[in-house]
Amino acid sequence: MIDHNTFIERMGLAAENDGLSRIAGRLFGALTLHNEPCSLDDLAEELGVSKASISTEARRLVDRGVAERIGKAGDRRDYYSLTSDFFAQIIRFRLSRWSSLHRLAREMREGPEEPQLVRDRFAYIDEFNAFVLARVEEALREWNDPARRSIASDRRAGSRRERSATPRSAAKRQVAKERLG
């Protein structure tokens, strides 16, 4: 198991590999670990970077729909937290990038001056992107389906009840489940 600092640092490296700044990834990692909204001051101190850097990267995460800016009554500072659907927003952002590649490949494929091998490569990119985009978009639609979320929420609540129950009460529930089939 890794500690919080290692997780934050690895998120920074992952963000760099994905075209974001390391600070954006570290900020995302820190926000993932906090259960309450955090001020820029607190985040800058925790991550050991300037408040200006955190502010810039927080705005970037807000623009992508991954984080949200929150105000607190009686406090002039802004606080930040991850949005409830932060991971779906990350996927949607990646889809927009893939869609751009898809459009570019389609435009190049239609160019008559390209040799057949090059047109075939663009056709492959076009077809593969269309295939993957359709399935990921369908997965996002399914993910947003209220019926699916209700079932998943019930499952999570059930697993929390089972984890917090005593071994004896969990065993009784298991016997009852088996009897009901």
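**View 1. Leu-43 and the residues in contact with Leu-43.** Leaving aside neighbours within four places in sequence, Leu-43 is in contact with Leu-27, Ala-30, Leu-31, Cys-38, Ile-54 and Tyr-80, where contact means heavy atoms within 4.5 Å. This is a predicted model, in which local features need pLDDT of at least 70 and side-chain atom pairs count only at pLDDT 80 or more, while totals for chains, interfaces and linings use all residues. Residues are numbered from 1 along each chain as its sequence is written, and side-chain values use heavy atoms, with hydrogens and water left out.

**View 2. The largest nonpolar core.** Of the 18 residues in this core, Leu-27, Leu-31, Leu-43 and Ile-54 touch the most other members. The elements that contribute two or more residues to the core are helix 2, helix 3, helix 4 and strand 3. A nonpolar core is here a set of buried Ala, Val, Leu, Ile, Met, Phe, Trp, Tyr and Cys residues joined through side-chain atoms within 4.5 Å, and buried means under 20% relative accessible area, with a 1.4 Å probe and protein chains only.

View 3. In helix 3, which spans residues 40-47, the residues Leu-40, Leu-43, Ala-44 and Leu-47 are buried. The buried residues of helix 3 pack against helix 1 (4-17), helix 2 (22-33), strand 1 (38-39), helix 4 (51-63) and strand 3 (75-82). Helices (H or I, at least four residues) and strands (E, at least two) are DSSP runs, numbered from the N terminus. Helix 3 is followed by Gly-48, whose phi is positive, near 70 degrees.

**View 4. Confidence in helix 3 and in helix 8.** The mean pLDDT of the protein, where pLDDT is the predictor's confidence in each residue from 0 to 100, is 83, and 81% of the residues reach 70 or more. Confidence is highest in helix 3, at a mean of 96, and lowest in helix 8 (residues 167-180), at 47. Over residues 163-169 the pLDDT stays under 50, and the model has two contacts for this stretch beyond four places in sequence. Residues 175-181 also have pLDDT below 50, with one contact in the model beyond near neighbours in sequence. Where pLDDT is low, the predicted coordinates should not be read in detail.

Terms used: Buried < 20%, exposed > 50% of the residue type's maximum accessible area, 1.4 Å probe, protein only.
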